[in-house]
Amino acid sequence: MTTAPPRPLVAGNWKMNGLASALAEAATVRDALGRAGAGAPEVMICPPATLLAPLAAVAQGSALAMGAQDCHASASGAHTGDISAEMIKDTGATAVIVGHSERRADHGELDRVVRAKAAAAHRAGLTAIVCIGETKGERLAGLTLGVVDRQLAGSLPETVTAANTVVAYEPIWAIGTGLTPSPEDVAEVHQAIRAHLTQRFSPSGGGIRILYGGSVKPANARELLSLPNVNGALVGGASLKADDFLAIIAAYV
Ligand code: PGA
């Protein structure tokens, strides 16, 4: 079954960066989006949890969407320091990143934890942006497609639909390094992800957005974002400055 390509999404992951003064960058993005025409991609900023509420105020009534960077799997309870998907939804966010490789590495999150968090996002009415990707060693050993398939199998809950889930392919060795896979390699992995999604989540798998992430910059955005089955980008470092982020979004215009 052929499906029309989904509307692209360009999401900025601010990671553990940004004080209140950074809201000015978000406001600059918001104002530029207000001038963008039809056919423009969906644009989202995922700030640290401390900025969710103030960023919601900045984005209110505009085309700028907001997501969080992680959530707990439970709706509430004795989990000091954590926040739930319901709390994130309560701030006005529409999405949450789960399973980012930095959380997998820093907090030992396994696929089953990521799957529970994605299911929590769905329960709360949020879009889950589920991150997967191979290490440098796995890439060099020719294991990439198997690793990605295993992560998808383990990290995606049965509640996945095209409306509530985005997959972000982020090769770990490309994150924050300035390195990117070749366009052929990106296209190969995205094709394999698409095949997994269409096979497992019929009929909506063809409409699930697959983002590329890892050293996306203004200089490489146009090439990466024009590849088949690349339905947008998850942008780290280059999303912190409005000018760079807008230049990446402009790859679609
Ligand atoms: P980067 O990060 O763009 O700084 O490489 C991407 C990410 O980790 O989402």
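In this predicted model, 13 salt bridges are counted.

Begin by selecting Lys241 and Glu25, which form a salt bridge whose closest N and O atoms are 3.9 Å apart. Lys241 is located in the loop between strand S8 (232-235) and helix H10 (242-249), whereas Glu25 belongs to helix H1 (residues 23-34), so the contact ties together parts that are 216 residues apart in sequence. Is Glu25 buried, partly exposed or exposed? Glu25 counts as partly exposed, because its relative accessibility is 23% and the buried class requires a value under 20%.

Next, select Arg103 and Asp70. In this salt bridge the closest N and O atoms are 3.3 Å apart. Arg103 sits in helix H4 (residues 101-107) and Asp70 in the loop between strand S3 (64-68) and helix H3 (85-90); the pair links distant parts of the chain, 33 residues apart. Asp70 has a relative accessibility of 12% and therefore counts as buried.

Then move to Arg200 and Glu158, whose side chains meet in a salt bridge at 2.9 Å, N to O. This pair also links distant parts of the chain: Arg200 is in helix H8 (residues 183-200), and Glu158 is in the loop between helix H7 (144-155) and strand S6 (165-169), 42 residues apart. Arg200 is partly exposed at 24% relative accessible area, while Glu158 is exposed at 64%.

Conventions: Residues are numbered from 1 along each chain as its sequence is written. This is a predicted model: local features need pLDDT of at least 70, side-chain atom pairs count only at pLDDT 80 or more; totals for chains, interfaces and linings use all residues. Side-chain values use heavy atoms; hydrogens and water are left out. A salt bridge is a side-chain nitrogen of Lys or Arg within 4 Å of a carboxyl oxygen of Asp or Glu. Helices (H or I, at least four residues) and strands (E, at least two) are DSSP runs, numbered from the N terminus. Buried means under 20% relative accessible area, exposed over 50%, partly exposed in between (1.4 Å probe, protein chains only).
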